[in-house]
Amino acid sequence: MTITDAASAPLVAVVGATGIQGGSVVKALEESDKAYRIRAFTRDASKPTALGLASRGVEVVNVSLVLENKDKVFEAFQGAKMVFLVTNFWEHADPGRETAEAKQLIDAAIAGGAERIVWSGLPSYDKLSGGKYPHVYHFDSKAAASDYARQIGAPVVDIQAAGYGLNNAMLRPGKLADGSLALQWCVAPTALFPVIDAANDYGLYVRQVFELPVFPSGSEVRTAGELITVEELARQIGEVTGKQVAFKQITGEEFGGKIQALGVPPHLAEDLKECFLSIAEYGYYGAKEISSHEGLARKPRTWKDIVETSDWSWMEE
(Lines give C-alpha, C1' and ligand atoms only; values in the text may rest on other atoms or scores of the structure.)
Protein backbone atom coordinates (compact mmCIF):
# COMPACT_ATOMS: atom_id res chain seq x y z
CA MET A 1 0.00 0.00 0.00
CA THR A 2 1.41 3.37 -0.96
CA ILE A 3 1.85 5.81 1.92
CA THR A 4 -1.04 8.25 1.77
CA ASP A 5 -1.96 11.75 2.87
CA ALA A 6 -5.65 10.86 3.20
CA ALA A 7 -7.09 12.17 6.46
CA SER A 8 -8.95 8.89 6.95
CA ALA A 9 -5.66 7.00 7.42
CA PRO A 10 -4.08 6.89 10.88
CA LEU A 11 -1.08 9.16 11.37
CA VAL A 12 2.07 7.34 12.52
CA ALA A 13 4.96 9.42 13.89
CA VAL A 14 8.33 7.68 13.48
CA VAL A 15 11.46 8.70 15.35
CA GLY A 16 14.73 7.65 13.70
CA ALA A 17 13.13 7.17 10.27
CA THR A 18 16.43 7.99 8.55
CA GLY A 19 18.20 5.36 10.66
CA ILE A 20 18.15 1.59 10.97
CA GLN A 21 15.21 0.83 13.26
CA GLY A 22 12.98 3.76 12.32
CA GLY A 23 13.71 3.19 8.65
CA SER A 24 12.68 -0.44 9.07
CA VAL A 25 9.39 0.68 10.64
CA VAL A 26 8.60 2.94 7.68
CA LYS A 27 9.46 0.11 5.27
CA ALA A 28 7.21 -2.38 7.09
CA LEU A 29 4.25 0.01 7.19
CA GLU A 30 4.77 0.84 3.52
CA GLU A 31 4.49 -2.89 2.73
CA SER A 32 1.23 -3.25 4.67
CA ASP A 33 -2.13 -3.68 2.96
CA LYS A 34 -3.41 -0.93 5.26
CA ALA A 35 -3.02 2.76 4.48
CA TYR A 36 -0.94 5.01 6.75
CA ARG A 37 0.06 8.61 6.92
CA ILE A 38 3.64 8.72 8.14
CA ARG A 39 5.44 11.61 9.81
CA ALA A 40 9.21 11.26 10.13
CA PHE A 41 11.51 13.43 12.24
CA THR A 42 15.00 14.52 11.23
CA ARG A 43 17.46 17.25 12.15
CA ASP A 44 18.36 17.69 8.49
CA ALA A 45 15.55 17.39 5.96
CA SER A 46 18.02 18.01 3.11
CA LYS A 47 20.04 14.82 3.58
CA PRO A 48 19.52 12.04 1.00
CA THR A 49 17.70 9.63 3.35
CA ALA A 50 15.22 12.33 4.35
CA LEU A 51 14.66 13.35 0.73
CA GLY A 52 14.12 9.68 -0.12
CA LEU A 53 11.41 9.43 2.54
CA ALA A 54 9.71 12.55 1.23
CA SER A 55 9.71 11.12 -2.30
CA ARG A 56 7.80 8.09 -0.95
CA GLY A 57 5.05 10.28 0.50
CA VAL A 58 6.36 10.59 4.05
CA GLU A 59 5.82 13.92 5.85
CA VAL A 60 9.34 14.90 6.88
CA VAL A 61 9.54 17.26 9.87
CA ASN A 62 12.76 19.09 10.66
CA VAL A 63 13.10 18.98 14.47
CA SER A 64 15.76 18.18 17.07
CA LEU A 65 14.29 15.82 19.69
CA VAL A 66 16.51 16.95 22.56
CA LEU A 67 15.57 18.00 26.09
CA GLU A 68 16.34 21.65 25.42
CA ASN A 69 13.80 21.73 22.57
CA LYS A 70 10.80 20.58 24.62
CA ASP A 71 8.15 22.83 23.08
CA LYS A 72 9.04 21.81 19.52
CA VAL A 73 9.23 18.15 20.54
CA PHE A 74 5.70 18.25 21.98
CA GLU A 75 4.44 20.11 18.92
CA ALA A 76 5.95 17.50 16.58
CA PHE A 77 3.76 14.66 17.90
CA GLN A 78 0.43 16.48 17.70
CA GLY A 79 -2.25 14.39 16.00
CA ALA A 80 -0.25 11.15 15.79
CA LYS A 81 -2.35 8.18 16.93
CA MET A 82 0.52 5.71 16.57
CA VAL A 83 4.12 6.46 17.50
CA PHE A 84 7.45 4.67 17.22
CA LEU A 85 10.17 5.87 19.59
CA VAL A 86 13.88 5.09 19.60
CA THR A 87 16.95 6.82 21.03
CA ASN A 88 20.62 6.60 20.04
CA PHE A 89 22.85 6.15 23.09
CA TRP A 90 26.03 6.04 20.98
CA GLU A 91 25.42 9.53 19.62
CA HIS A 92 26.40 11.05 22.99
CA ALA A 93 27.09 8.04 25.30
CA ASP A 94 25.30 9.75 28.19
CA PRO A 95 22.89 7.31 29.94
CA GLY A 96 21.15 10.02 31.97
CA ARG A 97 20.49 12.04 28.85
CA GLU A 98 19.19 9.04 26.95
CA THR A 99 16.68 8.17 29.69
CA ALA A 100 15.55 11.79 30.09
CA GLU A 101 15.07 12.27 26.35
CA ALA A 102 13.18 8.98 26.06
CA LYS A 103 10.85 10.06 28.90
CA GLN A 104 10.25 13.36 27.15
CA LEU A 105 9.40 11.54 23.91
CA ILE A 106 6.89 9.33 25.76
CA ASP A 107 5.31 12.37 27.41
CA ALA A 108 5.16 14.24 24.09
CA ALA A 109 3.56 11.29 22.30
CA ILE A 110 0.87 10.99 24.99
CA ALA A 111 0.23 14.75 24.98
CA GLY A 112 -0.13 14.62 21.20
CA GLY A 113 -2.93 12.06 21.45
CA ALA A 114 -1.08 8.81 20.78
CA GLU A 115 -3.09 5.67 21.51
CA ARG A 116 -0.44 3.15 20.47
CA ILE A 117 3.22 3.77 21.28
CA VAL A 118 6.04 1.37 20.47
CA TRP A 119 9.30 2.04 22.30
CA SER A 120 12.60 0.40 21.35
CA GLY A 121 13.80 -0.62 24.80
CA LEU A 122 16.26 -3.18 26.13
CA PRO A 123 16.52 -5.25 29.34
CA SER A 124 18.46 -3.96 32.35
CA TYR A 125 21.61 -6.01 32.80
CA ASP A 126 22.14 -4.39 36.19
CA LYS A 127 18.83 -5.96 37.33
CA LEU A 128 19.30 -9.24 35.45
CA SER A 129 22.69 -9.75 37.07
CA GLY A 130 21.58 -8.66 40.54
CA GLY A 131 24.03 -5.76 40.40
CA LYS A 132 26.99 -7.83 39.18
CA TYR A 133 27.16 -5.93 35.88
CA PRO A 134 26.08 -2.34 36.64
CA HIS A 135 27.90 -0.60 33.78
CA VAL A 136 25.96 -1.71 30.69
CA TYR A 137 24.76 1.83 30.23
CA HIS A 138 23.36 1.45 26.71
CA PHE A 139 20.91 -1.21 27.94
CA ASP A 140 20.09 0.14 31.40
CA SER A 141 19.30 3.67 30.21
CA LYS A 142 16.67 2.29 27.83
CA ALA A 143 15.32 -0.06 30.51
CA ALA A 144 14.83 2.94 32.82
CA ALA A 145 12.62 4.58 30.18
CA SER A 146 10.61 1.35 29.87
CA ASP A 147 10.08 1.38 33.64
CA TYR A 148 8.87 4.97 33.42
CA ALA A 149 6.32 4.10 30.73
CA ARG A 150 4.92 1.29 32.90
CA GLN A 151 4.85 3.45 36.02
CA ILE A 152 2.72 6.16 34.39
CA GLY A 153 0.45 3.63 32.65
CA ALA A 154 1.40 4.81 29.16
CA PRO A 155 0.00 2.90 26.15
CA VAL A 156 3.45 1.52 25.36
CA VAL A 157 4.75 -1.79 24.03
CA ASP A 158 8.50 -2.36 24.47
CA ILE A 159 9.92 -3.99 21.32
CA GLN A 160 13.52 -4.95 22.03
CA ALA A 161 16.08 -5.36 19.25
CA ALA A 162 18.31 -8.42 19.11
CA GLY A 163 21.98 -8.05 18.21
CA TYR A 164 22.73 -6.34 14.91
CA GLY A 165 25.56 -4.39 13.32
CA LEU A 166 27.97 -7.19 14.21
CA ASN A 167 30.15 -6.60 11.14
CA ASN A 168 31.97 -3.67 12.69
CA ALA A 169 35.53 -3.21 13.89
CA MET A 170 34.66 -3.87 17.55
CA LEU A 171 32.80 -7.16 17.13
CA ARG A 172 33.77 -8.76 13.82
CA PRO A 173 36.44 -11.49 13.45
CA GLY A 174 40.03 -10.38 13.84
CA LYS A 175 43.36 -11.77 12.74
CA LEU A 176 45.36 -13.90 15.14
CA ALA A 177 49.15 -13.99 15.35
CA ASP A 178 49.30 -16.83 12.80
CA GLY A 179 47.22 -14.84 10.30
CA SER A 180 44.05 -16.88 10.76
CA LEU A 181 40.69 -15.27 11.53
CA ALA A 182 38.72 -15.70 14.74
CA LEU A 183 35.67 -14.17 16.31
CA GLN A 184 36.98 -13.25 19.77
CA TRP A 185 34.30 -12.60 22.39
CA CYS A 186 34.23 -13.13 26.15
CA VAL A 187 31.50 -15.77 26.01
CA ALA A 188 31.53 -19.57 25.77
CA PRO A 189 31.37 -21.06 22.24
CA THR A 190 27.95 -22.53 23.02
CA ALA A 191 26.49 -19.23 24.26
CA LEU A 192 23.26 -18.37 22.46
CA PHE A 193 23.03 -15.01 20.75
CA PRO A 194 19.87 -13.58 19.14
CA VAL A 195 20.48 -11.78 15.84
CA ILE A 196 18.26 -9.67 13.63
CA ASP A 197 18.56 -7.91 10.29
CA ALA A 198 17.30 -4.74 11.94
CA ALA A 199 17.10 -2.63 8.80
CA ASN A 200 14.83 -5.12 7.08
CA ASP A 201 13.07 -7.01 9.86
CA TYR A 202 12.73 -4.97 13.07
CA GLY A 203 9.81 -3.09 11.59
CA LEU A 204 7.87 -6.33 11.07
CA TYR A 205 7.35 -6.58 14.82
CA VAL A 206 6.28 -2.95 15.11
CA ARG A 207 3.78 -3.30 12.28
CA GLN A 208 2.35 -6.46 13.84
CA VAL A 209 1.76 -4.73 17.18
CA PHE A 210 0.32 -1.59 15.60
CA GLU A 211 -2.17 -3.71 13.64
CA LEU A 212 -3.38 -5.95 16.47
CA PRO A 213 -7.12 -5.61 17.24
CA VAL A 214 -6.25 -4.90 20.88
CA PHE A 215 -3.02 -3.05 21.66
CA PRO A 216 -1.13 -4.99 24.40
CA SER A 217 0.01 -2.01 26.49
CA GLY A 218 2.72 -2.81 29.01
CA SER A 219 3.96 -5.90 27.17
CA GLU A 220 7.40 -6.78 25.78
CA VAL A 221 8.41 -8.18 22.40
CA ARG A 222 11.86 -9.74 22.12
CA THR A 223 12.95 -9.80 18.49
CA ALA A 224 15.30 -12.22 16.73
CA GLY A 225 15.54 -13.65 13.25
CA GLU A 226 17.49 -16.51 14.79
CA LEU A 227 18.92 -17.64 18.11
CA ILE A 228 22.35 -19.04 17.29
CA THR A 229 25.45 -20.18 19.17
CA VAL A 230 28.43 -17.89 18.72
CA GLU A 231 30.62 -20.71 17.38
CA GLU A 232 28.00 -21.35 14.68
CA LEU A 233 27.82 -17.63 14.06
CA ALA A 234 31.57 -17.65 13.32
CA ARG A 235 31.37 -20.84 11.25
CA GLN A 236 28.72 -19.39 8.97
CA ILE A 237 30.81 -16.27 8.34
CA GLY A 238 33.55 -18.60 7.13
CA GLU A 239 31.16 -20.71 5.07
CA VAL A 240 29.78 -17.70 3.19
CA THR A 241 33.07 -15.84 2.72
CA GLY A 242 35.18 -18.89 1.92
CA LYS A 243 37.55 -17.99 4.76
CA GLN A 244 38.50 -20.11 7.73
CA VAL A 245 36.85 -18.36 10.68
CA ALA A 246 37.05 -19.88 14.15
CA PHE A 247 35.56 -18.78 17.45
CA LYS A 248 37.98 -18.04 20.28
CA GLN A 249 36.76 -17.39 23.81
CA ILE A 250 38.77 -14.67 25.52
CA THR A 251 38.57 -13.16 28.99
CA GLY A 252 36.54 -10.09 29.81
CA GLU A 253 39.73 -8.12 30.38
CA GLU A 254 41.10 -9.16 26.99
CA PHE A 255 37.81 -8.24 25.32
CA GLY A 256 37.74 -4.83 27.01
CA GLY A 257 41.37 -4.27 26.02
CA LYS A 258 40.58 -5.04 22.37
CA ILE A 259 37.75 -2.49 22.43
CA GLN A 260 39.94 0.18 24.05
CA ALA A 261 42.68 -0.45 21.50
CA LEU A 262 40.25 0.80 18.85
CA GLY A 263 40.07 4.16 20.61
CA VAL A 264 36.90 3.54 22.58
CA PRO A 265 36.89 5.41 25.94
CA PRO A 266 37.47 3.15 28.99
CA HIS A 267 33.95 3.56 30.44
CA LEU A 268 32.36 2.52 27.13
CA ALA A 269 34.77 -0.39 26.75
CA GLU A 270 33.66 -1.45 30.25
CA ASP A 271 30.03 -1.12 29.10
CA LEU A 272 30.60 -3.49 26.18
CA LYS A 273 32.71 -5.90 28.24
CA GLU A 274 30.03 -6.23 30.93
CA CYS A 275 27.35 -6.49 28.24
CA PHE A 276 28.93 -9.62 26.78
CA LEU A 277 29.79 -11.08 30.18
CA SER A 278 26.16 -10.66 31.21
CA ILE A 279 24.94 -12.27 27.98
CA ALA A 280 27.30 -15.20 28.64
CA GLU A 281 26.04 -15.67 32.18
CA TYR A 282 22.37 -14.66 32.04
CA GLY A 283 21.39 -14.57 28.35
CA TYR A 284 20.68 -11.62 26.05
CA TYR A 285 17.05 -11.44 27.20
CA GLY A 286 17.70 -13.09 30.55
CA ALA A 287 15.55 -16.17 31.07
CA LYS A 288 12.87 -14.88 28.69
CA GLU A 289 12.36 -16.55 25.31
CA ILE A 290 12.48 -14.71 22.00
CA SER A 291 9.06 -13.80 20.64
CA SER A 292 7.32 -15.99 18.08
CA HIS A 293 7.45 -15.18 14.36
CA GLU A 294 3.81 -16.16 14.09
CA GLY A 295 1.69 -13.30 12.81
CA LEU A 296 4.58 -11.38 11.26
CA ALA A 297 4.08 -10.27 7.66
CA ARG A 298 6.98 -12.53 6.63
CA LYS A 299 9.70 -14.60 8.25
CA PRO A 300 12.71 -12.57 9.46
CA ARG A 301 16.11 -13.25 7.94
CA THR A 302 18.51 -15.75 9.48
CA TRP A 303 22.14 -15.07 10.40
CA LYS A 304 23.25 -16.74 7.16
CA ASP A 305 20.96 -14.42 5.20
CA ILE A 306 22.55 -11.45 6.99
CA VAL A 307 26.09 -12.67 6.29
CA GLU A 308 25.30 -13.22 2.61
CA THR A 309 24.20 -9.61 2.18
CA SER A 310 26.99 -8.02 4.26
CA ASP A 311 30.27 -6.50 3.05
CA TRP A 312 33.21 -8.65 4.15
CA SER A 313 35.76 -7.07 1.78
CA TRP A 314 37.84 -5.98 4.78
CA MET A 315 38.89 -9.62 5.13
CA GLU A 316 41.09 -9.15 2.07
CA GLU A 317 43.10 -6.34 3.69
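Helices (H or I, at least four residues) and strands (E, at least two residues) are DSSP runs, numbered from the N terminus. The model shown in these views is predicted: local features need pLDDT of at least 70 and side-chain atom pairs count only at pLDDT 80 or more, whereas totals for chains, interfaces and linings use all residues. Residues are numbered from 1 along each chain as its sequence is written, and side-chain values use heavy atoms, with hydrogens and water left out.

**View A. Residue I159 lies in strand β6.** Strand β6 spans residues 156-160. I159 has a relative accessible area of 0% and is therefore buried (under 20% relative accessible area; exposed means over 50% and partly exposed in between, with a 1.4 Å probe and protein chains only). When residues up to four places away in sequence are not counted, I159 touches V118, W119, S120, G121, Y202, Y205, V206, V209, V221 and T223; contact requires heavy atoms within 4.5 Å. For orientation, the C-alpha atoms of I159 and L262 are 31 Å apart in space, and the two residues are 103 apart in sequence.

**View B. The largest nonpolar core comprises 98 residues.** Such a core is a set of buried Ala, Val, Leu, Ile, Met, Phe, Trp, Tyr and Cys residues joined through side-chain atoms within 4.5 Å. F77, W185 and F193 have the most contacts inside this core. Helix α7 (residues 198-210) supplies its largest share, seven residues. Apart from neighbours within four places in sequence, F77 is in contact with A13, V15, R39, F41, V83, L85, L105, A108, A109 and G112.

**View C. Helix α1 is mostly covered.** Of the eleven residues in this helix (residues 20-30), eight are buried. These are Q21, G22, G23, S24, V25, V26, A28 and L29.

**View D. The loop between β4 and α4 contains A93.** Helix α4 covers residues 95-111. Most residues other than glycine have a negative phi. A93 is not a glycine, yet its phi is positive, at about 55°. With a relative accessible area of 17%, A93 is buried. E91 is found in the loop between β4 and α4, and its relative accessibility of 45% makes E91 partly exposed.

**View E. Helices α6 and α10 cross at roughly 80°.** The axes of α6 (residues 137-151) and α10 (residues 266-282) come within 8 Å. Axes are lines fitted to C-alpha atoms, for helices over the stretch in contact, and angles run from 0 to 180 degrees between N-to-C directions. The two helices are therefore roughly perpendicular to each other (65 to 115 degrees; under 35 is roughly parallel, over 145 roughly antiparallel and the rest oblique). Y137, H138 and F139 of α6 make the contact with H267, D271, L272 and C275 of α10.

**View F. K132 and E281 form a salt bridge.** A salt bridge is a side-chain nitrogen of Lys or Arg within 4 Å of a carboxyl oxygen of Asp or Glu, and the structure holds 20 of them. In this pair the N to O distance is 2.9 Å. Distant parts of the chain are linked, since K132 belongs to the loop between α5 (125-128) and α6, and E281 to helix α10, 149 residues apart. K132 is partly exposed at 45% relative accessibility, and E281 is partly exposed with a relative accessible area of 39%.

**View G. Further salt bridges join E239 to R235 and R222 to E220.** The closest N and O atoms of E239 and R235 are 2.8 Å apart. Both residues lie in helix α8 (residues 230-241), four residues apart, so about one helical turn separates them. E239 is partly exposed at 39%, and R235 is partly exposed at 40%. Salt bridges that share partners also join D197, D201, R298 and R301 into one network. In the pair of R222 and E220, the closest N and O atoms are 2.8 Å apart. R222 is buried, with a relative accessible area of 15%, whereas E220 counts as partly exposed at 24%.
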